[in-house]
Amino acid sequence: MEKNKDIKEMLRVNKGRRVRALVVRPGCLPEERWVNTDGDTLRGIVGGPIEHAPLDGKYLVLVCCEVGKVLGYPPNRALFHEGAERPYDIIAGTFLVMKEDLWLEDYVDLTDGEVDEYKKIFEDPVCRWGYRL
């Protein structure tokens with residue numbers, strides 16, 4: 001077990017590095033960007049304390065400002081459950097789509113397929129899919 005801890009610690013040397021992510025700003029199409037993963041950078045992009053919400057039930061997360069609505073940030077995307085008439089949430093302000101590696105406790109690059117899939121999902125301000133935030 002100690003050996004796994006050492007390996008994990010060695011791999012975490014890169015914590016705070018740049019990873020491939022999507023940045024989604026209010027009224028704009030999603031942009032593929034290389035983003036620094038340190039907390040200060042993420043807070044700067046979303047405009048405050050960060051909140052993680054699962055997107056795919058596995059590793060993809062929506063990273064947004066935890067208090068965006070309270071701070072009066074503009075509405076960005078309305079989220080609907082599949083087949084629903086009303087949104088279950090509206091994301092306020094800029095958010096990111098990122099991928100977490102739970103073993104390393106860090107972010108990793110989105111794949112080409114994930115970038116394409118989530119660009120398509122978030123190109124419309126009204127997002128409909130079956131995952132819950």
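Below are my entries, in the order I made them.

**Ground rules.** I am working from a predicted model, where local features need pLDDT of at least 70, side-chain atom pairs count only at pLDDT 80 or more, and totals for chains, interfaces and linings use all residues. Residues are numbered from 1 along each chain as its sequence is written, and side-chain values use heavy atoms, with hydrogens and water left out.

**Strand β1.** Six of the seven residues of β1 are buried, where buried means under 20% relative accessible area, exposed over 50% and partly exposed in between, with a 1.4 Å probe and protein chains only. I then looked up its partners, counting two strands as paired if DSSP finds at least two bridges between them. β1 runs antiparallel to β2 (residues 31-36), with six bridges, and L22 stands opposite E32 there. The β1-β2 hairpin has six residues between the strands, and G27 takes a positive phi near 75°. β1 is also antiparallel to β7 (residues 95-101), through three bridges; V24 faces F95 in that pairing.

**Strand β8.** D106 sits in β8 (residues 106-108). I found D106 buried, at 9% relative accessible area. Its side chain makes a polar contact of 2.9 Å with that of R17 (a pair of N or O atoms within 3.5 Å; within protein, one must be able to donate a hydrogen and the other to accept it, and residues adjacent in sequence count only if both atoms are side-chain atoms).

**Helix α3.** Which residues of α3 (112-122) are buried? I noted E114, V115, Y118, I121 and F122. They lie on the same side of α3 because they cover an arc of only 135° around the axis, taken from the directions from the helix axis to the C-beta atoms. On the face turned away, I found D112, D116 and K120 exposed.

**Largest pocket.** Last, I checked the lining of the largest pocket, which has 15 residues; E51, C64, C65, K69 and D89 lie nearest its centre. On a 1 Å grid over the protein atoms alone, a pocket is an open set of points where a 1.4 Å probe fits, with protein on both sides within 12 Å along at least five of seven lines; lining residues have an atom within 4 Å of a point. β6 gives the most to this lining, with four residues.

Technical notes. Helices (H or I, at least four residues) and strands (E, at least two) are DSSP runs, numbered from the N terminus.
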